[in-house]
There are 2 protein chains.
Amino acid sequence: MRLATVSHADRTTAAVLIDDVWRALPATDLSAFLAAQGVARAAGLAGAALDGAVPVLPLPAPAKVICCGLNYADHIRETGRELPSFPTLFAKYADTLTGPADDVVLPPGLQVDWEAELAVVVGATLRHADPDTARAGIAGYTVANDISVRDWQYRTLQWFQGKAWDGSCPVGPVVVTPDEIDPAAGLDVVCRVNGEEVQRDSTRTLVFDSAQLLAYISTFTVLRPGDLVLTGTPGGVGTAREPQRFLADGDVVETAIAGIGALRNTVRLKG
Amino acid sequence: MRLATVSHADRTTAAVLIDDVWRALPATDLSAFLAAQGVARAAGLAGAALDGAVPVLPLPAPAKVICCGLNYADHIRETGRELPSFPTLFAKYADTLTGPADDVVLPPGLQVDWEAELAVVVGATLRHADPDTARAGIAGYTVANDISVRDWQYRTLQWFQGKAWDGSCPVGPVVVTPDEIDPAAGLDVVCRVNGEEVQRDSTRTLVFDSAQLLAYISTFTVLRPGDLVLTGTPGGVGTAREPQRFLADGDVVETAIAGIGALRNTVRLKG
């Protein structure tokens, strides 16, 4: 099943795709739908067909957006580190997110870099969950690009200030339920800049899988329906290249995951 | 002016202290009041006296809780670091907070440590604010203890997973407006464990003051009324002692700032 928040008739609504047609769900967005109804009720609640519906940011109001760094073996190696015993975690906010086709607008003069990622959408309240409980609490998967401001990320020991720029992290276009795709079996994660492939890896090589991440996080903080967990990026980021490469004004970043879909965002660097 | 969220007659309400009497403000808590009315309207909107009102967590629902580490010169020195050019920032969530007299409940077997801090309450929407604009956008100041789980904080490079345990960070008891106190002029920040003083310093020695922190953060993310910024802790934390000292089940942590008030929290370590 494919779920989204779509723009239709000048407003947004939660929606489910049935026979290639978006049908309305009874909520203004997918965050609200997951909180009120849960993913299992989506098919039964599908309403009117929404002609011309366009997917927008699927989860506009997650209370928690928690990201894992250093989770693909090859990306860990390119940063010169050992394979980790624990996931490296940091936070973003709802304000950090933007839609699957939106411009990413940042000030000029920053070292702006790409990070294609599989994102997990939480579908249940998880607290002290074991991995099996966590796995059963996954609403679905979507695509994210954890676009990072490297110079601010490395100004201090803590990455947060390079990871929480408003509107910097595109997410979408749809949320695909776990009965349709299995990241552990391997989904290709690809990033292209102006059509040139810069990242490609399989989610099969994740050090910590989706259920392990949710279980680990739920040890210290509750996760609720609509919260997002980003699972980390593969090798190929611009900051690790020689010479380093960063995004320029007008660059088009495409972020695709097999079985889910693709983001397509233009970077706008302006004051 | 002293503002709070108080518990009264089995519910909470925003309140303002006038002539030593808590008077109701038209909102269920101070977060809601600041978002809807703003601090300047508090005196004019004061309603019924609330006999027996007890201050609770003043801001139950901040969208952002952003913390500065390494902001007192002596604490920076005890961690073996140089004075910073930029503030070190990390995030908590609303779920991380707890009330001024609540127990701090954590699982046994963790390295739980104290961090007394001045917290700044945002009173305006701040985006790309200069320090003067940021200063004018401060609703007030309160007391926080950024209680930290050191073993999780240092499991990876990112502190977040040691800083975001649900219910670990007491805040309150009141919010004091900037016309009454000036951290730049020096407010004593004190932490006591079972009556023994373990931290004492003056906010005069902060490397980055409240307005500088708000302005810096507003460069990358918007701050809104009710958001919280914790300004960092002085020297004297348990992890930097020789031998190291951590909080035990039953320990009472008092956190006091001159001109604001004190938190008093019992640590409960149980499975």
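Helices (H or I, at least four residues) and strands (E, at least two) are DSSP runs, numbered from the N terminus. The model is predicted: local features need pLDDT of at least 70, side-chain atom pairs count only at pLDDT 80 or more, and totals for chains, interfaces and linings use all residues. Residues are numbered from 1 along each chain as its sequence is written, chains are lettered from A and ligands numbered from 1 in the order in which they are written, and side-chain values use heavy atoms, leaving out hydrogens and water.

Thr205(B) sits in the loop between β15 (196–202) and α6 of chain B. At 30% relative accessibility, Thr205(B) is partly exposed. That class lies between buried (under 20% relative accessible area) and exposed (over 50%), with a 1.4 Å probe and protein chains only. Beyond its neighbours within four places in sequence, Thr205(B) is in contact (heavy atoms within 4.5 Å) with Asn71(B), Tyr72(B) and Ala73(B). Its C-alpha atom is 15 Å from that of Ala119(B), 86 residues apart along the chain.

Helix α6 of chain B spans residues 210–218. Eight of its nine residues are buried, so the helix is largely enclosed by the rest of the structure. Among them are Leu213(B), Leu214(B) and Tyr216(B). At the start of α6(B), a side-chain oxygen of Asp209(B) comes to within 3.2 Å of the backbone nitrogen of Ala211(B).

Leu214(B) also belongs to the largest nonpolar core, which has 118 residues. Such a core is a set of buried Ala, Val, Leu, Ile, Met, Phe, Trp, Tyr and Cys residues joined through side-chain atoms within 4.5 Å. Leu214(A), Ile260(A), Leu214(B) and Ile260(B) touch the most other members.

Asp251(B) lies in the loop between β16 (228–230) and β17 (252–257) of chain B. Asp251(B) is buried yet has no salt bridge, a term for a side-chain nitrogen of Lys or Arg within 4 Å of a carboxyl oxygen of Asp or Glu. The nearest side chain of opposite charge, Arg245(B), is 5.4 Å away. Lys and Arg count as positive and Asp and Glu as negative; His and the chain ends are not counted. A polar atom of the Asp251(B) side chain lies 2.8 Å from the backbone nitrogen of Ala248(B).

The copies meet through the same surface, because 100% of the interface residues of chain B are also interface residues in chain A.

Terms used: Polar contact = N/O pair within 3.5 Å; in protein donor to acceptor, adjacent residues only side chain to side chain.
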